[in-house]
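Reader: I would like to work through a few features of a model and learn how to read each one. Please take them one at a time.

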Amino acid sequence: MERIESSPSVRLLWLCLMLVPSLQFAADAITEDWTSRLIPLPQKISIGEIYAFSSDQIAIRPPDTQNAQMRAALDLLRPFAQGAQGFEIALVLTSDKKKCPARVRKSLARVPHNDQAYAIEPIVNSGKFAGLLLAANEPLGLLYAARTLHQLLAIPQPGQRIKVPAVSILDWPDLEERGEWGWNLPHDCYSIAALKMNEIEIHSTLGFTLDGSPSAALDKNLVSEWHRLGIKVVPIIRHLEQLANTGLFTYHPEVAAVPEPGKKLSADEQPGVCFSNPRSIELIAGWMKQLLDYDHVKDINGWLAESPAPCFCDRCRGQNTYELQTRSLIRAFALAGKDHPESRLRILLSQASYQDNGNVLAALTPETRVTYYSGQTTYDSSHEPMIYPLLESFSRAGHWLGVYPQLTNSWRTVFPFTGPHFIKARMTEFIDKGLHSFSGYATPANCYYDFNIAACAEWSWNSRGRSVRQFSEAYALRIGLKQPGLFAEWADLIGQVGWNLAGSRVVESLIFACGGQVFVDGFIKDGVLFSKDKPLEFGTGMLKEYADQTRLEADIVTAERAMQLAVQADARRTRKSSSRP
């Protein structure tokens, strides 16, 4: 074969061609450096040149019309923009066709969940970078745009200039609703709002006035504040077998369920409710109507009973308990929602309804929404998929489905669990199976699980954006850790071990065992966890996630490596601290 010598010009051309990917890698590195500040990661983002301004050289151009969410967006941006003119941060709605370019309107119209979508792009005047345009279809989208820019730009120290990238973003969430339920949310709402989580489900105060009229209350100021933050509030009608706790039978003994013939209630046992009694429907409707009358409340979630509590009157006998409860909630909501045609009812399934969920789904009206909960199968951190075939088919048929997953090691105990692989798998499953909502459970407060909450925000917004390590490093930067790469490596290792332990319910089982109890199929029962007659076995119980000894030993090795990284990080931190004057 004849060898062809290349001329200098050919070699120079070859060198130029080799520089093309090098330049691309450099651009990618710049983009990655800036986007590491953002949680969640936007769907589409690119970073151009970087400029520097003092805050008095930056001005805000607000939208022509404002509401509470737009004002919240402006509040986020004011620390960067103290000037009256100069470099502009302009906020516009796509409905303003004079100020919002047609191509931006077209892009925002095409993306999923476009009521939450937003765009950020450079404003160029006469070839000069003159500002940033923040555009959205709705005020909530503008708030999200402001949150992204607030994360992207560092709040300057006195006399410090602000570095501003020529950034282009088109962004939207993969999952419509991303939130939590629980008692911790009045103080955790700000941290989840900052992560673009947008839904809270919380108990309403249900009771009766002295004349027996139903009374339902929410904190009006909190509801207004949550709306300002971009959070949808969904009040809860508690588990239906627990309505006695509202004073129901004190004022309305006629709606009490007829007990099973021959069975006596214990001294501390409350009866269930007769859902064939029209008065029961009217009273629940009274609560629902008062909740819907609050500003910004559009949905209500009625919780099915966690224990059967059937009624044995002539009208109820022979009917499926959970189907009857479902029809009753739907009838009550129809009465309550007459003046609120845009409102929606959600019905929460339970571990007690699990075997009857097919009957529940069959009893629904097309507009009724369903949230999946079960003490055994959604308060679960195993590797098992959460959305089982019945509900997956329901969702894929176009019905609205949400879920109440635990985001922690256990629903009942507080124990460390840095679980990026676990959270990523959960959020990806929910999105892939067509769910509309997740309302996570993180008792008693988010501060114990800050990493997992941030991971939920990340992968429910953009499920295929970052890897486990990339997210973990971004999280470390967000909270100010000095060695984010080391933390990311540690999280990648310990997250897999922690998932196996959480999935096997190790900590939860040991704590229950101290009280002579076991947790079986969603219920707490008296029992022994293990003994000589009941030894531990691989693949079951506390070793559920471990098929054999080899798998367990491998996790021990991984945990030891993670411990070495933690010691290494601590040693570096200690050396740096001791070197300070």
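Reader: Where is the place of T94?

Author: The model is predicted. T94 sits in a loop, the one between β3 (87-93) and α3 (102-110).

Reader: Is T94 buried or exposed?

Author: Buried means under 20% relative accessible area. T94 has a relative accessible area of 12%, so T94 is buried. Leaving aside residues up to four places away in sequence, T94 touches C100, R105, L108, A136 and N137.

Reader: What span should the 14 residues of helix α4 (residues 139-152) have?

Author: The expected span is 1.5 Å times one less than the number of residues. For α4 that gives 20 Å, and the end C-alpha atoms are 20 Å apart, so the two agree. As for cover, 13 of the 14 residues of α4 are buried.

Reader: Which strands form the closed barrel?

Author: Eight strands form the barrel, in the order β7-β8-β11-β12-β13-β14-β15-β16, with parallel pairing. From one strand to the next, the twist averages 25°.

Reader: How many bridges join β15 to β16?

Author: Two strands pair if at least two bridges are found between them. Strands β15 (residues 401-403) and β16 (residues 437-440) run parallel and are joined by two bridges. V403 stands opposite F438 in β16.

Key. Residues are numbered from 1 along each chain as its sequence is written. This is a predicted model: local features need pLDDT of at least 70, side-chain atom pairs count only at pLDDT 80 or more; totals for chains, interfaces and linings use all residues. Side-chain values use heavy atoms; hydrogens and water are left out. Helices (H or I, at least four residues) and strands (E, at least two) are DSSP runs, numbered from the N terminus. Buried means under 20% relative accessible area, exposed over 50%, partly exposed in between (1.4 Å probe, protein chains only). Contact means heavy atoms within 4.5 Å. Axes are lines fitted to C-alpha atoms, for helices over the stretch in contact, and angles run from 0 to 180 degrees between N-to-C directions.
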